[in-house]
Amino acid sequence: MAVEIRLSRTNRIYRPSEHLQGQIIVNSRSSISHYGISLLLNGSVNLQVRGGSAGVIESVYGVIKPLSIVNRSIEVRPSGKLPSGTTEIPFSVILRQPSENLGKFYETFHGTDINIQYLVTVGISRGYLHKSLSATIEFIVESDTADFLERPLSSEMVIFYITQDTQRHPLLPELKSGGFRVTGKMATLCSLSDPITGELTVEASAVPISSIDIHLCRVESVILGERIITETSVIQTTQIADGDVCRNITLPIYAILPRLLTCPTVFAGPFSIEFKVYIVITFQSELSKLHPKTDPRTPRLWLAIESLPLELLRCRSDD
């Protein structure tokens with residue numbers, strides 16, 4: 001005997017004003033009696049702080065009470081019987097009812113300390129003598145079209161330059177004395193359906209370059225008591241160049257945003273979700289071979305690093 005939920009959309013993406021539709025599928029070798037079939041809609045923001053970020057004392061209380069977005073139970077069928085074989089029970093539930101005074105439906109996001117998740121669970125009650133049946137599936141929530149940004153995004157790009165003088169950490173002696181200069185520009189206001197774009201040019205470098213990478217990072221901040229705990233983690237790395245690139249040649253920057261690991265930039269009361277882009281230039285050095293697996297944002301003698309804030313938005317063209 002088994003039960004599963006099959007949603008109407010294969011991508012499982014819905015908006016708060018839409019109906020969540022699908023089927024409850026029950027497979028049974030014989031007919032079964034039940035005391036009702038119900039659906040539970042649950043959406044919440046789960047916040048936690050890891051011990052390494054908060055310290056020993058706070059780590060004991062590192063899991064914060066979830067922030068409820070929606071929690072609603074719907075009866076699909078009253079008490080009755082299900083025949084043997086496969087039974088398909090259709091359902092249709094509006095996510096945000098006009099009569100409900102619900103808060104903001106934040107978009108689905110899976111982070112390190114912040115998880116915004118929406119689940120639908122079917123429950124088939126069978127009384128005290130039989131084990132109840134249940135199944136759960138996650139669906140993805142994106143903003144309503146009414147909440148989309150109306151104005152077109154500015155095509156203006158932020159100009160950056162990276163030299164030995166812009167670095168705040170020690171560099172290889174030959175880099176410090178010989179110098180290097182990398183210039184470029186990048187869009188820091190980006191639609192979630194568009195890639196991160198820009199360009200980069202290596203104008204000069206006294207030391208051969210090993211690689212140039214773009215690291216997309218999420219910056220998650222959680223309020224814990226009177227403190228704000230911030231965690232930055234790399235979610236995607238895109239290599240722009242491999243090896244010692246030709247000087248004064250324009251290299252394109254093009255990085256596609258991962259769906260579940262990004263969302264519109266959020267500034268809420270107890271938490272915030274922001275994004276950053278790190279441009280990391282790795283120079284050829286024997287020392288780098290001794291540290292092959294290090295955090296790309298960690299200052300090293302053979303690295304040059306530039307960070308730019310990235311604001312992500314859901315725009316009308318994303319629909």
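**Close-up views of a predicted model**

**View 1. Strand β11 and its partner strands.** L119 stands opposite E138, a residue of strand β11, in this predicted model. The pairing of strand β10 (residues 114-124) with β11 is antiparallel and extends over seven bridges. Strand β2 (residues 13-14) also pairs with β11, here in the parallel sense and over two bridges, and within that pairing Y14 is the residue that stands opposite V141. Because seven of the nine residues of β11 (residues 133-141) are buried, this strand is largely enclosed by the rest of the structure. In a regular strand, side chains alternate between the two faces of the sheet.

**View 2. The chain as a whole, as context for the details.** The protein chain holds three helices and 21 strands, and 45% of its 319 residues count as buried. Among the contacts in the chain with a separation of 6 or more, 72% are accounted for by residues 24 or more positions apart. The chain exposes about 16500 Å², of which carbon and sulfur atoms supply 51%.

View 3. R314 lies in the segment after β21, whereas E142 lies in the loop between β11 and β12 (158-163), so the pair ties together parts that are 172 residues apart in sequence. Both partners, R314 and E142, are buried.

**View 4. The salt bridge between R181 and E203.** The side chains of R181 and E203 meet in a salt bridge with an N to O distance of 3.1 Å. Since R181 belongs to strand β13 (residues 180-186) and E203 to strand β15 (residues 196-205), the pair ties together parts that are 22 residues apart in sequence. R181 is partly exposed, with a relative accessible area of 35%, and E203, at 31% relative accessibility, also counts as partly exposed.

View 5. R247 is partly exposed at a relative accessible area of 28%, and D244 is partly exposed at 40%. Elsewhere, salt bridges that share partners join R15, E107, E142, R259 and R314 into one network. A search of the whole structure finds nine salt bridges.

View 6. S272 is placed in strand β20 (residues 271-283). Its relative accessibility is 10%, so S272 counts as buried. When neighbours within four places in sequence are left aside, S272 is in contact with I114, V219, E220, S221, V266 and F267.

**View 7. A nonpolar patch on the surface, made of L287, L290 and L301.** Together these three residues, L287, L290 and L301, have about 270 Å² of accessible area. L287 is found in the loop between β20 and β21 (303-313), and with a relative accessibility of 36% L287 counts as partly exposed.

**View 8. Two cysteines, C217 and C246, and their accessibility.** C217 has 0% relative accessibility and therefore counts as buried, whereas C246, at 57%, counts as exposed. The count of disulfides in the model comes to zero.

Methods: Residues numbered from 1 in each chain as written. Predicted model: local features only at pLDDT ≥ 70, side-chain atom pairs only at ≥ 80, totals over all residues. Heavy atoms only, no water. Buried < 20%, exposed > 50% of the residue type's maximum accessible area, 1.4 Å probe, protein only. Helix = DSSP H or I, 4+ residues; strand = E, 2+ residues; numbered from the N terminus. Pairing = 2+ DSSP bridges. Contact = heavy atoms within 4.5 Å. Areas by Shrake-Rupley, 256 points an atom, 1.4 Å probe, with all protein chains shown as cover. Disulfide = S-S within 2.5 Å. Patch = residues over 30% accessible without salt bridge, like charges linked within 9 Å, V, L, I, M, F, W, Y side chains within 5 Å. Salt bridge = Lys/Arg side-chain N within 4 Å of Asp/Glu carboxyl O.
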